[in-house]
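Here are a few notes to read with the model open beside you.

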Amino acid sequence: MTILAIDTSNHTLGIALVRDDTVIGESITYLKKNHSVRAMPTVEALMKECGVAPSELSKIVVAKGPGSYTGVRIGVTIAKTLAWTLSLPITSISSLETLAANARYVDGYISPIFDARRGQVYTGLYTFEGGKMKEVKPDQNVLMTDWLHEIKKEGKPILFLGHDVHLHQESIRSILGETAVMAEGSFHNPRPSVLALLGRDRPAEDVHQLVPNYIRLAEAEVKWLEGQK
């Protein structure tokens, strides 16, 4: 099985090709640039470099959010278009779970963080159990301080990872103290090869029914709904 994985849900643009258990190619950049311009050329370049033709692909796996509204839409749209035109199965995976899976062999709980501004974050709580990622608390959009008080009740060490963790480090330390562990280095980058492996054995989805998971409405949608009252 040869999987093409696509993640444009945040600043990281990640594309990977995985054949069975082997990563044959991976491209990761962390730049505040327009993914709509760079994503498809990156897919084409990686496939060409790895000598993989579109007809050799077996499955598409995509990060479905949460994250940047525009970024999530771009990745999901590209993945659905490829799956439809190439008649391939498609599976979507939480962007937060993908990030959490970087620490899948860590003993304890994992809290991946994407900043959502105004003191809020996108996060969830995961653990690695029985060789698989397990969701302890679902992905959500929440005030960081509320989240910290909630997970403090778990009474276990919690690893925080993601490029935005540093924005909330003071709150994390003050509320959780020594039970909080901060990831370092490459742990903060979502890996598209990990995304591919997460989606490899999960069931395919209806390509027409697959939609991004924004968790919260965009500001424009909120204002529109308010105007309908």
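1. Start with Lys-137 and Glu-150: their side chains form a salt bridge, with N and O 3.3 Å apart. (A salt bridge here is a side-chain nitrogen of Lys or Arg within 4 Å of a carboxyl oxygen of Asp or Glu.) The pair links distant parts of the chain, with Lys-137 in strand E8 (residues 132-143) and Glu-150 in helix H4 (residues 144-152), 13 residues apart. Helices (H or I, at least four residues) and strands (E, at least two) are DSSP runs, numbered from the N terminus.

2. Before going on, keep in mind that this is a predicted model: local features need pLDDT of at least 70, side-chain atom pairs count only at pLDDT 80 or more, and totals for chains, interfaces and linings use all residues. Residues are numbered from 1 along each chain as its sequence is written, and side-chain values use heavy atoms, leaving out hydrogens and water.

3. Lys-137 also meets Glu-154 in a salt bridge, at 3.6 Å from N to O. Glu-154 sits in the loop between H4 and strand E9 (158-161) while Lys-137 is in strand E8, so this pair ties together parts 17 residues apart in sequence. As for cover, Lys-137 is buried at 17% relative accessible area, whereas Glu-150 at 27% is partly exposed, and so is Glu-154 at 26%. (Buried means under 20% relative accessible area, exposed over 50%, partly exposed in between, using a 1.4 Å probe and protein chains only.)

4. How many salt bridges does the structure hold? There are seven. One of them joins Glu-26 to Arg-191, with the closest N and O atoms 2.6 Å apart. That pair links distant parts of the chain: Glu-26 is in strand E3 (residues 22-30), Arg-191 in the loop between strand E10 (180-182) and helix H6 (192-200), 165 residues apart. Elsewhere, Asp-21, Arg-200 and Asp-201 are linked in a salt-bridge network.

5. Now have a look at strand E4 (residues 59-63), where five of five residues are buried. Lys-59, Val-61 and Ala-63 point one way, Ile-60 and Val-62 the other. In a regular strand, side chains alternate between the two faces of the sheet.

6. E4 pairs with strand E1 (residues 2-7) through four bridges, running parallel; pairing takes at least two DSSP bridges between the strands. Ile-3 stands opposite Lys-59 in E4. Four bridges also join E4 to strand E5 (residues 90-93), again parallel, and Val-62 faces Ser-92 there.
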